[in-house]
Amino acid sequence: MGAARPRALSIHLRLFIGFGGALVVCCGLMVAVIYTGMRFLPDYHFVTTPAYVAPPSAAGPDGTARTAGPDAGDDAVPPPDGSSRISRPVDLSGLIQDKEDVWATVLAVSLGGLLVVAGTGLAVGWTLSRRLLAPLHSISRAAAQAGKGDLSYRIDARGPADELKQLADTFDTTLGRLEESFAAHRRFAANASHELLTPLATTRSALQLAASDPSGEALYELMPMLVETNERNIRVVQQLLELATAEQLAQNAEAADPTETVDLAETVDLAEMAESVAAGVRGLAGPTVSVALEPDDDYEVRGNSTLLRQMVTNIVGNAMTHNVHGPSPFVRITLHTDGQDAVLLEVENSGPVVDPETVDRLFEPFYRARPRLGGERGHGLGLALVRSVVRAHGGSVSAAARTGGGLVMKVQLRSAWSTLP
């Protein structure tokens, strides 16, 4: 086996080494520039003349000052002017006397400054790099927790809105969406299993009952129920396939993937489609259905007419099904435009009171705000399909609970004449 690869340095230490090395190089360059400039650029003219000082005079017998004579000592030298006065030389060690002393002093001071600046800079760099990289350690812990299956951990980074805080906030947002997505998928699996298991269990019980009757009369009596149960299973599977197709189209549209997206070349009049769907349900017993729009406005959008009709049908059908049996139940369909860029479809209905906190979950597959009654035939896939179709067309859909009960569904689609990219 080959030698073990040495352990890589941490990003903190690498940043510190990089910044510290750059600081030391800059300081060394500063010393070199100062020393070179001081040594070679100026023109120095130093006059090297010995300096003398007169020794202290002694008073003679007659009271007059007496200058040191020949017996003053071996260190007495004649003054430079040639006079007979004898002076003592001054100790000039440690003083700047010539160019060499200047260069040596500049170099010593520069090196001292280098040590001070480099030491201070390294200490500050170590502290700042450690504080700046603190969010990365939190992100690493969050990633480790997510790898263990815990998506509830949040970084909650504090401090200025720099790149690291933005990264931490993005990671928190991603964890939140993943947590919601996994929870929705768990609910989907549980609800789908329930929807498919119930009719299968009913079919099994009916077949067991029919098998226990040798005459075959039980099978003849149970046949309509078996057919209806089988049709229900087929409808569930078909709706799941439609939902999967719409979800794939929506994901491709959001990812700008042209390989498999909705063909937006077809122009669809959303007002005409809403009138057609409303006319189809007006003959049924139940709430009154009305359509309100401005006749002069243009409600054309681009998209797949089959998918858009399915979307409108599902919204109106949901408003009809989840209604009340009071004196005046209603379903109101309203269309209006937002300039030339968007067409808005709004469907409002009377109905039971819906908890505002659970409104967003209405778009989840198989979810119901209340238990299904005996006469209701839905499977909880209609609004999930609506959301996927709207997303596939680059639009948005939302729901809000009415104060007196019921819902307000809003769909916004891009106009066929929109100037938006």
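Here are some notes on this predicted protein model, point by point.

1. **Ground rules.** Because this is a predicted model, local features need pLDDT of at least 70 and side-chain atom pairs count only at pLDDT 80 or more, while totals for chains, interfaces and linings use all residues. Residues are numbered from 1 along each chain as its sequence is written, and side-chain values use heavy atoms, with hydrogens and water left out.

2. **The overall picture.** The protein has eight helices and eleven strands; these are DSSP runs, numbered from the N terminus, with helices (H or I) of at least four residues and strands (E) of at least two. Of the 421 residues, 29% are buried, where buried means under 20% relative accessible area, exposed over 50% and partly exposed in between (1.4 Å probe, protein chains only). Now for contacts, meaning heavy atoms within 4.5 Å: of those with a separation of 6 or more, 67% are between residues 24 or more positions apart.

3. A nonpolar core is a set of buried Ala, Val, Leu, Ile, Met, Phe, Trp, Tyr and Cys residues joined through side-chain atoms within 4.5 Å. The largest one here has 41 residues, and M311, I333 and L345 have the most contacts inside it. Helix 6 (270-282), helix 7 (305-321), strand 8 (330-338), strand 9, helix 8, strand 10 (396-401) and strand 11 (407-414) each give at least two residues to this core. Another core, of seven residues, lies apart from it and includes I139, A142, A157 and A168.

4. **Helix 8.** Have a look at this one: eight of its eleven residues are buried, so helix 8 is largely enclosed by the rest of the structure. Among the buried ones are L383, V386 and V389. After helix 8 comes G394, with a positive phi near 75°.

5. E348 pairs with R332 at 3.7 Å, N to O; E348 sits in strand 9 and R332 in strand 8, 16 residues apart. R402 also bridges to E348, with the closest N and O atoms 2.7 Å apart. That pair spans 54 residues, with R402 in the loop between strand 10 and strand 11. Shared partners join R332, E348 and R402 into one network. E348 counts as buried at 17% relative accessibility, while R332 is partly exposed at 35%.

6. **Around helix 4.** What does E179 pair with? It forms a salt bridge with R154, the closest N and O atoms being 2.8 Å apart. E179 is in helix 4, and R154 is in the loop between helix 3 (134-147) and helix 4. D172, also in helix 4 (residues 163-211), is buried yet has no salt bridge; R154, the nearest side chain of opposite charge, is 5.1 Å away. Here Lys and Arg count as positive and Asp and Glu as negative; His and the chain ends are not counted.

7. **S350.** This residue is in the loop between strand 9 (342-349) and helix 8 (382-392), and S350 is buried, with a relative accessible area of 7%.

Technical notes
A salt bridge is a side-chain nitrogen of Lys or Arg within 4 Å of a carboxyl oxygen of Asp or Glu.
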